[in-house]
Amino acid sequence: MSFRYSARRLRPQGLAVLSSRAQPFVRAPTWQCRGVASTANAEKVLFPGALNSEFTSKLEFLQPSKSKDAISTYRCLNQYGEVIDKKMGADTTDGEALELYKNMVKLSVMDLLMFEAQRQGRLSFYMVSAGEEGIAIGSASALHPSDVIFTQYRESGVYLQRGFTLAQFMNQLFANSSDNGLGRNMPVHYGSKELNIHTISSTLATQIPHAAGAAYALKLQNQGIVGRIGAPASSTDTKEVERVAVCFFGEGAASEGDFHAALNIAATREVPCIFICRNNGYAISTPTSDQYRGDGIASRGAGYGISTLRVDGNDIFAVRHAVKRARELALQDGGRPVLIEAMAYRVGHHSTSDDSFAYRARVEVEDWKRRDNPITRLRKWLEGRGVWDDAKEKELRSGTRKEVLKAFEEAEKAKKPSIKNAFTDVWENITEEQRAHMEEMNDILKRYPKEYDLEGYEGGAKGLEELLVKK
């Protein structure tokens, strides 16, 4: 496993590869402006914008689109669940691997049931993680609980691995009174202050510059310049740990301007941030062939001076190795950003609002299901270790299904949040304009009670009156 460093020069037809076995990781040199561009006998260009560039008399354009060489993809397990590098190994215990596997299965079962529930009209919207379970759960397991995370909308596994309960998932999906967001967000837009995971935003890629900014704040905290930011890893955690910000996004989000702005400021400010791109082949209906001509998203890391690695997202152990190493790099010398491109295939539809068979062949999806996926690969490894079999698999899936359905039914029956929450948590005190809106709404509810049935909401129509009486 070797991260690519921007300190290397870009050469025609490809990027030079630094082997981790050949020499230790090195930090890219700090660029400083010089008063003199170059001298007559200088061997290297000394322009401030390209200090490591050598003179050449050969006129040759870089043409990466024509190069047959691509950035390699790191993996630990082959598709048969066999460890490739015996020396490095899986770096886990059987017990830990079993917990990872159970979480992956739980996520898969929950996705299947929630997708069906949406089709039945019991949920308004849902997004599955099929084919990408290893990326979310593997990366989350390699981070410290106090690291600050920004997700997109296919990282339910990150929440699950960090301790988000089935009840919390269901409460958010139904937007009931126990939902952390009190019904103010659409389904699958989870958030948890206690788990140090920022609430998901529908707007594509906005979390990427947010993560860069948070990483800069964490850098100041790590250096002792400011106090602690965010929740501790646990109520008993009193030891200060240097932390990083971690940002998840898809390759489609990398086409947004926010991606480029975030990586550039993260690099120039040298912040401890790990950017994890899930490249699953499709940005809704747009295939990667219509998104870019370069070598994926990893090739962009070098342009921003960021240590970069491409990893097999179907290999949970490779993901764990990559994120563990990335975290170490991110905290070196005060902080530095790292980019990981996790390769996967989006087995499911983009969301319940999408029919992916309108733009890709069904046989393509079925082939990926049959050929390789993160859950099957880890299961093969466990079976090879003698710690898993068909009987245990059947018991796990049956029990998990019952757990999910129980949490689902309880959340479905719960009441919706009080209607007063439509006005709270914006300003510290209710403004005059808000109060006018509340009074008008309260008047309408009283005059047309049959048109507005509030029995399913906590406090009913009186919920708004409770807020109005407060000064």
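Q: What does pLDDT say about this predicted model, and what is the mean pLDDT of the protein chain?
A: pLDDT is the predictor's confidence in each residue, from 0 to 100. The mean for the protein chain is 89, and 88% of its residues reach 70 or more. Over residues 7-35, however, the pLDDT is below 50. Where pLDDT is low, the predicted coordinates should not be read in detail.

This is a predicted model: local features need pLDDT of at least 70, side-chain atom pairs count only at pLDDT 80 or more, and totals for chains, interfaces and linings use all residues. Residues are numbered from 1 along each chain as its sequence is written, and side-chain values use heavy atoms, with hydrogens and water left out.

Q: Why is the pair Lys324 and Asp91 called a salt bridge?
A: A salt bridge needs a side-chain nitrogen of Lys or Arg within 4 Å of a carboxyl oxygen of Asp or Glu. Lys324 and Asp91 meet at 3.2 Å, N to O. The pair therefore meets the rule. Lys324 sits in helix α8 (residues 316-330) and Asp91 in the loop between β2 (14-15) and α1, 233 residues apart. Helices (H or I, at least four residues) and strands (E, at least two) are DSSP runs, numbered from the N terminus.

Q: What separates Glu383 and Arg379 in helix α10?
A: They are four residues apart in helix α10 (residues 374-384), so about one helical turn separates them. Salt bridges that share partners join Arg379, Glu383, Asp390, Glu393 and Arg397 into one network.

Q: How do you know that Arg162 has no salt bridge?
A: The nearest side chain of opposite charge, Asp147, is 4.9 Å away.

Q: What makes a nonpolar core, and which residues touch the most other members of the largest one?
A: A nonpolar core is a set of buried Ala, Val, Leu, Ile, Met, Phe, Trp, Tyr and Cys residues joined through side-chain atoms within 4.5 Å. In the largest, of 76 residues, Met114 and Met170 touch the most other members. Helix α1 (residues 94-119) gives the most, with 12 residues.

Technical notes:
Buried < 20%, exposed > 50% of the residue type's maximum accessible area, 1.4 Å probe, protein only. Lys, Arg positive; Asp, Glu negative; His and termini not counted. Contact = heavy atoms within 4.5 Å.
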